[in-house]
Amino acid sequence: MSKLYLAFLWHMHQPFYYDWEKGWLSLPWVRLHAVKAYFDLPFILSSYPETKSNFNLVPSLLEQILYYEEGKQDLFLKLSLKPAAELDFEEKSFILKYFFSCHWDTLIYPFPRYHELLIKRRSDKPQDIEKALEEFSTQDFLDLQVWFNLTWIGFGHENHPVVSELKTKGRHFTEDEKKALLELHLEILKKIIPLYRKLQTKGQIEITFTPYFHPILPLIIDTDLARRNLPQAPLPPRFQHPEDASLQIKEGISFHERLFGVKPKGMWPSEGSVCPELIPIAAQAGVSWMASDEEVLYRSLGRSGPQVLLKPYRALFEENEVAMIFRHHELSDRIGFVYRGVSPDEAADDLIKTAKGLAKTSGLKEPLLVLILDGENPWEYYPDGGRGFLGRLFEKISADEEIVSVTVSEYLENFPPQEAITNLYTGSWINANFDIWIGHEEENRAWELLARTRSIIDDPNAISPEAKKALLAAEGSDWFWWYGEHFTSLFDTEFDRLFRNHLRQVFLALGKEPLIDLSFPIKRAKAIEPEEPPVAFIKPVIDGRKTYFFEWIGAGRFMPATVGEAMYLGESLILALYFGFNLENFYLRLDFKQKILDHLSEEVVVKTILAGGKHKVEIKFKPKAKDISKTFILARGPFRLYGKDAGDISFQEILELAIPFENLGLVKGEKVNFYLEIFENGLLRERIPRSGNLTFTVPDENFEQVMWSV
């Protein structure tokens, strides 16, 4: 049979986590994937010099690696470096919520002490974190700081003395040992770019790029292009900036050339997203070849099969041309999702057998099988970090005379594409459409805010570098990925904040006032479970004091600090929020953090928004006013009630509020969502909960009996 030419393209990417206000990276995934996959993959490949590969390195990822080299930190690193004995309440809450963020089966369960700490925490629910705050010792927190950073280190450094000694010791770590571990993280980060440069110089790898901040290029060119594959989807107001798509590509090429000394030839368009209009933009920027998914190819040509897939093409549009290759979807996904569940030998044998079978079926003389997948995400799910599978795979490829592993440019130089694609399908590598990034209410809202921000700029090249960077960062695909209903994570709120933060920075860098809409979350509100739900009727004395012990017993309680978000969004003004009721009144209590409240102006306004089935009620007051009752207003549609007519309010050591359900217009059995907003000088300072709503049902006479039964 003819030789099979095999090209792996490992895509390395993370969102741009830079927080403009704080000057750090808010999330740690660049660093944690760096000490694992970003180093491990080229490291193990270097042991098999006869095996070649391709690595797609996104410029915004590389820039963040350089940030660490420059001394910048991420929030998780900052909290890891802090001595455990000096952690405050907010920091401990954050660590308990987020320092178990990894795949438990492979990165926690195999390590007894880390598993023990997970069990001791119970869950990330606020009430469990509150209990853990009381039960975790200083040594527990120190061990947790170490294990979270230790477990991510990949096989490329598993024999490093720091790693092996810490894993052997297992517990009772010291601050010096933790410091040595975190210094190792930074040492590994500094090795990564030189390692890729070295392998490129040797000719063992080709390094390709993605447009700078990983945008969905067809949607940047024109969001209405989504109608080609989503004809019925509701779309946002049109965003049409092909010049931005061109800028993202040119900036990516320029950065790549500065970092690696050569101009990249190949481009992986973010998420394999392509359209005919992209061809001239890419060609004129100097891109020699692009890649996408097999489904895009099949829909472009109207035919399918190995004989169609296993060869390159010339993609043509308006007298412009780029070469294109297309990934084998199913076999690429086996590496990402299937092979982690079988032995390394079985996995490697299956891949090679399948690849040869495809080559034989194609009947092509020089078949090119392209496997493209995330180069970072799969390995935390492999029991050994992927070492066994990758080692066996590269070993078998090196020894197999029927397989030639190639860089893509090398193959294209020897076997230039012959067949043309004259009508490139508009789509991505996920379902051959853009449904992940546009069409949902949240996604469309994000596109709308991006468009409104973009409208203040005539030419991105004519504005300050900071404003341009913030704009291009906001065009990245990741923010839209996490909006909508397709995907969710523990960090949804932070992704939402980061996107709006990039847009705000555009305005600030231009000396303009940001859109007020950028102060409000885009992510759809969800019901938030309080630490304690209301379980009994209450009737507190509204005097602003803790009048007697049982006054608020039976009320619901929500503590903003325990949800672990304060480190991202600033310390909360509120220590605890209590809410409850009897048959006549809704009650609200706020325990302010006095040390913070003292520094705020008298113009601080607290708004409570309650929404029932038919209407919305807004309650507002100024907690620092000399006579708070004179600032107390209840608004329901066109109706207004003031002071005592609205209800009772008092603020001394605590703030207490009572409002008749009749004034609220709420009826028995009605489900109510509510949240608080705190404004300072007209600007939103805090929302409680940070995202989502607290809920309750207006009670009837059977409420206590029902709750007693529960």
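**View 1. The largest pocket of this predicted model**. Its volume is about 1200 Å³. A pocket is an open set of points on a 1 Å grid over the protein atoms alone, with protein on both sides within 12 Å along at least five of seven lines. The volume is the space filled by probe spheres set on the points, which are joined across faces, edges and corners. Lining residues have an atom within 4 Å of a point, and this pocket has 41 of them. D374, N377, Y381, W481 and W482 lie nearest the centre. The lining divides into 19 nonpolar, 14 polar and 8 charged residues. Helix α16 (329-338) gives the largest share, 5 residues.

**View 2. The largest nonpolar core**. Such a core joins buried Ala, Val, Leu, Ile, Met, Phe, Trp, Tyr and Cys residues through side-chain atoms within 4.5 Å. Buried means under 20% relative accessible area (1.4 Å probe, protein chains only). This core has 179 residues. W10, Y196, I249, I335, F389 and F499 have the most contacts inside it. F389 touches I335 and W379, among others (heavy atoms within 4.5 Å). A second, separate core of 40 residues includes F579 and F661.

**View 3. D140 in helix α8**. The helix, a DSSP run of H or I with at least four residues, spans residues 138-150. D140 counts as buried because its relative accessibility is 6%. Leaving aside neighbours within four places in sequence, D140 is in contact with R113, L117, K120 and E135.

Residues are numbered from 1 along each chain as its sequence is written, and side-chain values use heavy atoms, without hydrogens and water. In this predicted model, local features need pLDDT of at least 70, side-chain atom pairs count only at pLDDT 80 or more, and totals for chains, interfaces and linings use all residues.

Key:
On a 1 Å grid over the protein atoms alone, a cavity is a set of points where a 1.4 Å probe fits but cannot get out, and a pocket is an open set with protein on both sides within 12 Å along at least five of seven lines; lining residues have an atom within 4 Å of a point. Helices (H or I, at least four residues) and strands (E, at least two) are DSSP runs, numbered from the N terminus. Ala, Val, Leu, Ile, Met, Phe, Trp, Tyr, Cys and Pro count as nonpolar, Asp, Glu, Lys and Arg as charged, and the others, Gly among them, as polar. Buried means under 20% relative accessible area, exposed over 50%, partly exposed in between (1.4 Å probe, protein chains only).
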